[in-house]
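Open the structure in your viewer and keep the selection tool ready. The tour goes from one selection to the next and says what is found at each stop.

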Amino acid sequence: MNTIEAVYTQITAITDAEIQKLVHDPIELLTRVIQPVLWLMMFGEVFARVRGIPTGSIPYESFLVPGVLAQSALFIAIFFGISAIWERDLGILYKYMMSPAPREALVLGKALAAGVRGLTQAVMVYIIGLLIGVGLRVTVPAVLGMAVMIVLGSAVFCTFSLIIACIVKTRERFMGIGQVLTMPLFFASSAIYPISLMPSWLHVLAMINPLTYQVDALRLFMLPGYQTSFGLGTDIAVQVGVFAVLLAIAARMYPLILS
Amino acid sequence: MVSARVDDVPEVAIEVTDLTKRFGDVVAVRGVSLRVPHGIVFGLVGPNGAGKSTTVKMLTTLTPPTSGSARVAGFDVRRSPVEVRRRIGYVPQMQSADPDLTGFENLLVYARLYALPRANRRRKILDALHLMDLGDVRDRLVRHYSGGMVRRLEIAQSLLNEPRVLFMDEPTIGLDPLARHMVWERIKHLRAGLGTAIFMTTHYMDEAAELCDRVAFMSEGKIAGEESPSDIEARYGTGMMLDDLFIRYTGGNMLVEERAAAP
């Protein structure tokens, strides 16, 4: 087996184990549908009547859909830090790190698994979108583009979450930190309102938040007639760049979760 | 899977010189030197907190030594950790199989992490499961396994890469007597069939007497002595047991004196 094939096998070993767990217990996925339903069918329906949120030619109900999808993928990806701590407590991570697999492969395997879980959210959000009568792009290139953006964004936040887990090391502390991090990430982004509405300090935060770029690209691939704020090239470059840095950090820090 | 490879196996499985590990002010392991020849079961025994687990962590590349050197399966743990990892198996002290996967799926994860060729992955996994008497339950979720079954699954997993050196940290801790004996049987079976060195820690002397060819006693981070369980009576007189030596090497020597005084 050559090196590239070996590393691919090692990455997908981790990803497939996560997928296999979902196959054994798919109930958890169904519970994850509740949050996007609340946001789209309650929050979205009400705020669409406000008509004060400038979303251009796009109705607010539609504008919100990619944001809510990004949010639910974010919440799932952030959960991977807790699951890593749980795996450490079970002794599973010790054995992963005792294998000859490079740490990068172990992290990348988790990142891709977060992407796969994010995609299951996408399926549900599209179904909700259709039910509430939002016009979504469903051409093959548009759906593929959306899928790539979900995997990329989930990989960013999963890796970020693993780094946090390596620092805080216990489930209790992670729970606290996780709450403190996810809500600001969500609100300081373009997920539920255009960043042009924001006061300047919040605008700055939104501009350095990868979620803003993920949502921008998702809107491009999901909403007919959407003009990107930053351009697809920038959206992808920012996320890939952030992911590369986070991957390098997480791979170095991963063994620290054991101590 | 159980064929011994005598061709390229280094003569010494583990060679440790003056190995030391500090955690801040605490010295967990103080200048340990050991030599484990190939093909034997070597026991590192001692009370809790003696430094056994830290020694195993250094030998298995999980934590770097503060000073000293260790060669495992022919490679230096500090300079070539990945080469060492390729050649060793590890059964950790705590139960560490994934409860949300089946036995087969658990092993598949490791078969892939060790990059075993796809063509014989499945066969190797099934061989390892059969060797540990788990063939019938391979498609059951591990959360439904008993403690002894989980332990045997972990041993099966540690054999997938045909390790030159197999590390077992307290292999029967927390198991009921029946499960312990089943695990012992499997370890003896391995010793008979595999050309591998087994390095185990335990604080059960009956386990050390039952399984080990050589035993090193560890106390307060140091090696206090080394014995062969089979010739203890020849060396120390009838009635002398590993328990007595454990007490002599790792703490009070009252019991040994008591026995010596008896007619």
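Select A:Ile34, which lies in helix α3 of chain A, a helix covering residues 34-50. The model on your screen is a predicted one.

Next, show both chains. At their interface, 30 residues of chain A are in contact with 32 residues of chain B. The two chains bury about 2500 Å² between them, and 66% of this is on carbon and sulfur atoms. On the chain A side, pick out A:Lys95, A:Met98 and A:Pro100, which lose the most area to chain B and together account for 31% of what that side buries.

How many salt bridges are found across the interface of chain A and chain B? There are two. For a salt bridge to look at, select A:Lys21 and B:Asp98, whose side chains meet at 2.8 Å, N to O.

Now hide chain A and turn to the sheet in chain B. This open sheet has four strands in the order β2-β1-β4-β5, with antiparallel pairing. Strands β2 (26-37) and β5 (75-76) of chain B are the edges, each pairing on one side only. Helix α1 of chain B, residues 52-59, packs on the sheet and touches β1, β2 and β4 of chain B. The direction of this helix makes about 120° with that of β1(B).

Last, select residues 12-23 and 67-72 of chain B, which are strands β1 and β4. Five bridges join this antiparallel pair.

Key:
Residues are numbered from 1 along each chain as its sequence is written. Chains are lettered from A and ligands numbered from 1 in the order in which they are written. This is a predicted model: local features need pLDDT of at least 70, side-chain atom pairs count only at pLDDT 80 or more; totals for chains, interfaces and linings use all residues. Side-chain values use heavy atoms; hydrogens and water are left out. Two strands pair if DSSP finds at least two bridges between them. Helices (H or I, at least four residues) and strands (E, at least two) are DSSP runs, numbered from the N terminus. Contact means heavy atoms within 4.5 Å. Axes are lines fitted to C-alpha atoms, for helices over the stretch in contact, and angles run from 0 to 180 degrees between N-to-C directions. Buried area is the accessible area (1.4 Å probe) that two parts lose on being put together, summed over both. A salt bridge is a side-chain nitrogen of Lys or Arg within 4 Å of a carboxyl oxygen of Asp or Glu.
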